[in-house]
Amino acid sequence: MFRVPLLIAVSLFIAFGGGILTTLSALNASAGFGAIRLGVWSAFPDVQTAGADPYAKSHRAKAGRLLYGSAEGLTFTASTDESGQQLTGNCSYRIIGRTPTARLWTLYAANPDGRPLETRAELPFAQNSQGILRHRDGSFEITVSPTAKPMNWLALPDAGAFSLVLTLLDTPAAGSSGLIGLEMPKVESLGCGQ
């Protein structure tokens, strides 16, 4: 007598619970469709536009962050090094090369939620194009490490997985025609425990 209602209740619980968990995991897995990838760097140029897909709009609303307009800037994220290994706080990395043309760019390390990693106030937690030391050919080299390094250094707390966030401001790369032939810096591992 109670067998059929019990089976119906269990089926509904599985259906609704599974649907909710699947939706939440889909929203957390991606910032939307239409990603562009340049080496280890990825960006979502349409995420802040009115034509963004529903997942991108939901991701933006959940994060509660104001994003740049398509003519203002473009944010690239790297979660792995050139060999495909996840970036972790107990390792050191070298970012080497050039960025696409931009009036200004910024670089910082972020946690999996996209928020900047917290370091001691006196340590360099971010770098930008205005204060970076460059080679004669215009390229640069930034060491990302938990221990101090000479030249351009980005301090890293000894915490788990992180991402590098490179934001290009006032750049032609933000327009759809500017994505062809972009050169992004490489992220190379220098070893762990250093």
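**Figure 1. Burial and fold of the protein chain.** In this predicted model, 32% of the 194 residues of the protein chain count as buried. The accessible surface of the chain comes to about 11500 Å², and carbon and sulfur atoms account for 60% of that area. Two helices and 10 strands make up the secondary structure elements of the protein chain. Their order along the sequence is α-β-β-α-β-β-β-β-β-β-β-β. Among contacts between residues at least 6 apart in sequence, 71% join residues at least 24 apart.

**Figure 2. The largest nonpolar core.** This core has 27 residues. Trp-41, Phe-76, Leu-107, Phe-162 and Leu-164 are the residues with the most contacts inside it. Two or more core residues come from each of the strands β2 (41-43), β3 (73-78), β4 (91-97), β5 (104-110), β7 (140-145) and β9 (163-169). In soluble globular proteins, nonpolar side chains tend to be buried together.

**Figure 3. Surroundings of Phe-76.** The view leaves aside the neighbours of Phe-76 within four places in sequence. Phe-76 is in contact with Ile-36, Leu-38, Trp-41, Ser-42 and Ala-43, among others. Its contacts also include Leu-164, Val-165, Leu-166 and Leu-168, as well as Met-184. Of these partners, Trp-41 and Leu-164 are, like Phe-76, among the residues with the most contacts inside the largest nonpolar core.

**Figure 4. Salt bridge between Arg-94 and Glu-141.** The structure holds four salt bridges. In the one between Arg-94 and Glu-141, the closest N and O atoms are 3.8 Å apart. Arg-94 is partly exposed, with a relative accessible area of 24%. Glu-141 is also partly exposed, at 27%.

**Figure 5. Salt bridge between Asp-137 and Arg-98.** The closest N and O atoms of this pair are 4.0 Å apart. Asp-137 sits in the loop between β6 (126-128) and β7, and Arg-98 in the loop between β4 and β5. The two residues are 39 residues apart, and the pair links distant parts of the chain. Asp-137 counts as partly exposed, at 48% relative accessibility. Arg-98 counts as partly exposed too, at 31%.

Figure 6. The side chains of Arg-103 and Asp-170 meet with an N to O distance of 2.6 Å. Arg-103 belongs to the loop between β4 and β5, whereas Asp-170 belongs to the loop between β9 and β10 (186-192). This pair links parts of the chain that are 67 residues apart. Arg-103 counts as exposed at 64% relative accessibility, while Asp-170 is partly exposed at 38%. Elsewhere, salt bridges that share partners join Arg-94, Glu-141 and Glu-188 into one network.

**Figure 7. The disulfide of Cys-91 and Cys-192.** The structure holds one disulfide. It is formed by Cys-91 and Cys-192, with their sulfur atoms 1.8 Å apart. The link is right-handed, with 80 degrees about the S-S bond. Cys-91 lies in strand β4 and Cys-192 in strand β10, 101 residues apart, and the pair links distant parts of the chain. Cys-91 has a relative accessible area of 4% and is therefore buried, the cut-off being under 20%.

Definitions and conventions:
Residues are numbered from 1 along each chain as its sequence is written. This is a predicted model: local features need pLDDT of at least 70, side-chain atom pairs count only at pLDDT 80 or more; totals for chains, interfaces and linings use all residues. Side-chain values use heavy atoms; hydrogens and water are left out. A nonpolar core is a set of buried Ala, Val, Leu, Ile, Met, Phe, Trp, Tyr and Cys residues joined through side-chain atoms within 4.5 Å. Buried means under 20% relative accessible area, exposed over 50%, partly exposed in between (1.4 Å probe, protein chains only). Helices (H or I, at least four residues) and strands (E, at least two) are DSSP runs, numbered from the N terminus. Contact means heavy atoms within 4.5 Å. Accessible areas come from the Shrake-Rupley method with a 1.4 Å probe; for residues, only the protein chains shown count as cover. A disulfide is a pair of cysteine sulfur atoms within 2.5 Å.
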